[in-house]
Amino acid sequence: METLRYLKNVSTLRLDQETCIGCGMCSTVCPHGVFVVEEKSKARIVDLDGCMECGACAANCAVQAITVTPGVGCAAYIIQSWLKGKAAASCGC
Amino acid sequence: MERSKQPEKSCCAPARPARDVAVGPTGLRMLPIAQPPQDEPCCGLPPGPPSSPFERPGYRLCGFVDDFIETANGAVPLVKTTLDSADNRGTFRARFNIGRNNYRVAPGLYGVGRPDREAPVLVTANYKLSFDSLRQELAGIDAWILVLDTRGINVWCAAGKKTFSTDEVINRVQAVGLAQVVGHRRLILPQLAATGVAAHRVRKGCGFEVVWGPIRAGDIGRFLESGLRADTGMRRVTFSLAERLILIPVEVSLTLKPALWVLLVAFFLSGIGPEVFSLRAAWQKGLAVFAASLVGIVAGALVVPGLLPWLPGRSFYLKGILTGLAGGVWVATVYVARTGPYGAAALIFYTVAVSSYLAMNFTGATPYTSPSGVEKEMRRGIPLQAVAVVLAVVAWLGSAFSG
């Protein structure tokens, strides 16, 4: 996704390197190459602005070193969550 | 019996052989049937094929099922790796948002090729489009396909909505008795399901290890050949021109219902003038709004997705303003002679608002916009769009009195 870039400095993704065990699962599941995990080392965030907050990394981090506010990057969904609240919101996808 | 009369020489004989092939939209295998003896009374069209041995009372055999294979847990349907005309019609309908929310296959275990106890297990969603795009790539491959009940939603959206979830994987593995069907303990999941599925919890829950497969079904062959290894390309989502254009019909179809309401209001506003309400003005000026609506929809829901990488800026509402401005100016020059300068200005504001709003909505269809980013641009875009609508209404009403 080098040609298509979205807004800068908005992602809620955080990585706690103290907790990270370097298993590499985050970099496997991330569809945007946000993480790099080198051999015998811990994960690093190399492209924070590439993050779309899908939450795959956090869900698959066995030691919960990653936090992100996951959600759907969809205007229709967000409008509904403003009007009806998060629980009742849905989108057409 | 008038209808069934045929030329005497070939009563019941294959007068119209094409008809009997056309029978059977369910795609049942055509087994050879005995031709009725010639001396029987004339009976119109020849009979269709007999029932398939796999049919059961109360069930309908799916057209994509080729055969069945016996397993430790009973017969499992084997699916075709090609799409027939019924599948293609279904794909077309789904792409045009006709019955898209209920286009599903039954969850459970399927097979492809001649899978044995060591064959890989590929997990997917029960949206028929997802299922079809997977089986289409499995020609020459022996595998099991575990279809989850994602409520007819595609893999990534279902993972986001948590219908493609850790619990659903565990429950489905247990429900189909997968541990009795295969000897290994490995599931291949599409990478995009990772939003809803925690691999380490699946292992704890049902003893199966999750291997993250490629994002695109088209890479599954290479992934299996290379010993379950995905290269970087298989792990990265793309959003090519073709991938963007295929989404446009659904985007446009979603605008139709709101557009109808907007046009009703627009025809009403167009009639307001010095003579209180003029039906003639409502019709004539209303048509101009109709034209501006069409242009706004094209600018926001068609041009923005198509030209996405080349339109300046990162925010979608801004891209929509740009294309809307271009379209709006064009509509205004066409109608300025009839609507006057205020009317022309109103048409521009309106087209920009429609285009910007629809462009902003396209964020939901892209694979790279974060919710934080979308919310941020909405806080800027929606007030601008609202101001444009108010200006459009004021200028439109003003145009009726300024003439």
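The largest nonpolar core in this predicted model has 43 residues, and those with the most contacts inside it are B:W144, B:F164, B:V169, B:L178, B:L187, B:L189 and B:W212. A nonpolar core here is a set of buried Ala, Val, Leu, Ile, Met, Phe, Trp, Tyr and Cys residues joined through side-chain atoms within 4.5 Å. Buried means under 20% relative accessible area, exposed means over 50%, and partly exposed lies in between (1.4 Å probe, protein chains only). Helix α4 (residues 155–161) of chain B gives the largest share of this core, five residues. Helices (H or I, at least four residues) and strands (E, at least two) are DSSP runs, numbered from the N terminus. In soluble globular proteins, nonpolar side chains tend to be buried together.

Take B:L187 as a way in. Not counting residues up to four places away in sequence, B:L187 touches B:V121, B:V123, B:V169, B:V173, B:L178, B:V202, B:F208, B:E209, B:V210 and B:V211, where contact means heavy atoms within 4.5 Å. There is also a second, separate core of 22 residues, which includes A:I78, B:V304, B:L308 and B:Y317.

Residues are numbered from 1 along each chain as its sequence is written, while chains are lettered from A and ligands numbered from 1 in the order in which they are written. Local features need pLDDT of at least 70, side-chain atom pairs count only at pLDDT 80 or more, and totals for chains, interfaces and linings use all residues, with side-chain values based on heavy atoms and hydrogens and water left out.

Now step back to chain B as a whole. Chain B has 14 helices and nine strands, and 47% of its 403 residues count as buried. Among its contacts between residues at least 6 apart in sequence, 66% join residues at least 24 apart.

Next, look for the rings. The whole structure holds 13 aromatic pairs over all chains. Rings of Phe, Tyr and Trp (its six-membered ring) pair if their centres lie within 6.5 Å; planes under 30 degrees apart count as stacked, over 60 as edge-to-face and the rest as tilted. The pair B:F64 and B:Y110 is tilted, because the ring centres are 6.3 Å apart and the planes stand at 55°. B:F64 lies in the loop between α1 (17–22) and β1 (65–71) of chain B and B:Y110 in strand β3 (residues 108–112) of chain B, so this pair ties together parts that are 46 residues apart in sequence. B:F64 is buried at a relative accessible area of 5%, and B:Y110 is buried at 7%.

B:Y103 and B:Y127 make an edge-to-face pair, 6.4 Å centre to centre with 85° between the planes, and both residues are buried. Elsewhere, A:Y6, B:F239, B:F316, B:F362 and B:Y368 form one aromatic cluster.

Finally, visit two buried residues of chain B. B:S315, in the loop between α12 (279–306) and α13 (316–361) of chain B, is buried with a relative accessible area of 8%. B:Q385 is found in helix α14 (residues 371–402) of chain B and counts as buried at 7% relative accessibility. The side chain of B:Q385 makes a polar contact with the side chain of B:S356 (2.8 Å). A polar contact is a pair of N or O atoms within 3.5 Å; within protein, one must be able to donate a hydrogen and the other to accept it, and residues adjacent in sequence count only if both atoms are side-chain atoms.
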